[in-house]
Amino acid sequence: NESCLTGVVDIYGFSALVTGDSSASTERSIINRYDLSDTELVVCGHHGSRYSSSPELLEAANGNLAVICCGYNTYGHPTEETLKRLDDCGYRVFRTDLNGNIEFFIPRDYS
């Protein structure tokens with residue numbers, strides 16, 4: 001999980017952070033290396049596990065939208081801890097287990 005693909009995608013001025021299966025320690029490295037303050041969408045790590053989407057990352061990203069990719073599982077993903085962190089930081093959460101496929105349409109004149 002520590003060597004997963006992570007990236008920031010910017011489309012017409014709309015920035016999304018995709019964290020893959022990053023843990024909190026990898027998230028700290030990302031925070032220390034990059035300015036995430038213009039991030040609007042966070043794709044939560046590791047299906048919303050309690051070990052990802054740390055308060056530090058959510059605050060650094062300063063976003064307002066979050067996506068959790070998950071389905072039925074026996075691990076309890078997404079966890080209540082993660083959902084509470086997202087709520088505490090003011091994120092509107094979309095979940096594939098509840099909302100199905102999630103698409104965002106960004107107009108060319110977004111910025």
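**Reading the model, feature by feature**

Modeller: Let us begin with a pair: Lys84 and Asp88 form a salt bridge, with 2.9 Å between the closest N and O atoms. The term denotes a side-chain nitrogen of Lys or Arg within 4 Å of a carboxyl oxygen of Asp or Glu. The model is predicted; local features need pLDDT of at least 70, side-chain atom pairs count only at pLDDT 80 or more, and totals for chains, interfaces and linings use all residues. Residues are numbered from 1 along each chain as its sequence is written, and side-chain values use heavy atoms, with hydrogens and water left out.

Colleague: What is the general idea behind such a pair, and how are Lys84 and Asp88 placed relative to the helical turn?

Modeller: Side chains of opposite charge can pair when their charged atoms come close. Lys84 and Asp88 are about one helical turn apart, because they lie four residues apart in helix α3 (residues 80-88). Helices here are DSSP runs of H or I with at least four residues, strands are runs of E with at least two, and both are numbered from the N terminus.

Colleague: Is Asp88 buried or exposed?

Modeller: The classes rest on relative accessible area: buried is under 20%, exposed is over 50%, and partly exposed is in between, with a 1.4 Å probe and protein chains only. Asp88 has 53% relative accessibility and so counts as exposed.

Colleague: How many salt bridges does a search of the whole structure find?

Modeller: The search finds two. Besides the pair in α3, Arg95 forms a salt bridge with Asp97, and their closest N and O atoms are 2.6 Å apart. Arg95 is buried, at 17% relative accessible area, whereas Asp97 is partly exposed, at 31%.

Colleague: How far apart are the mean positions of the positive and negative charges?

Modeller: In this count Lys and Arg are positive, Asp and Glu are negative, and His and the chain ends are not counted. Each charge is placed at NZ of Lys, CZ of Arg, CG of Asp or CD of Glu. The protein has 8 positive and 16 negative charges, and their mean positions are 3 Å apart.

Colleague: Let us turn to the fold. Which pattern does the protein follow along the sequence?

Modeller: The protein has four helices and five strands, in the order β-β-α-β-α-β-α-β-α. The C-alpha trace spans about 40 × 30 × 25 Å along its principal axes.

Colleague: What radius of gyration would a compact globule of 111 residues have?

Modeller: The rule, taken over C-alpha atoms, is 2.2 Å times the number of residues to the power 0.38. For 111 residues this gives a value near 13 Å, and the protein has 13 Å, which agrees. Buried residues make up 38% of the 111.

Colleague: Where is Ile31 found, and which residues is Ile31 in contact with?

Modeller: Ile31 is in helix α1 (residues 24-33) and is partly exposed at 24% relative accessibility. Neighbours within four places in sequence aside, Ile31 is in contact with Leu36, Glu56, Leu57 and Ala60.

Methods
Contact means heavy atoms within 4.5 Å.
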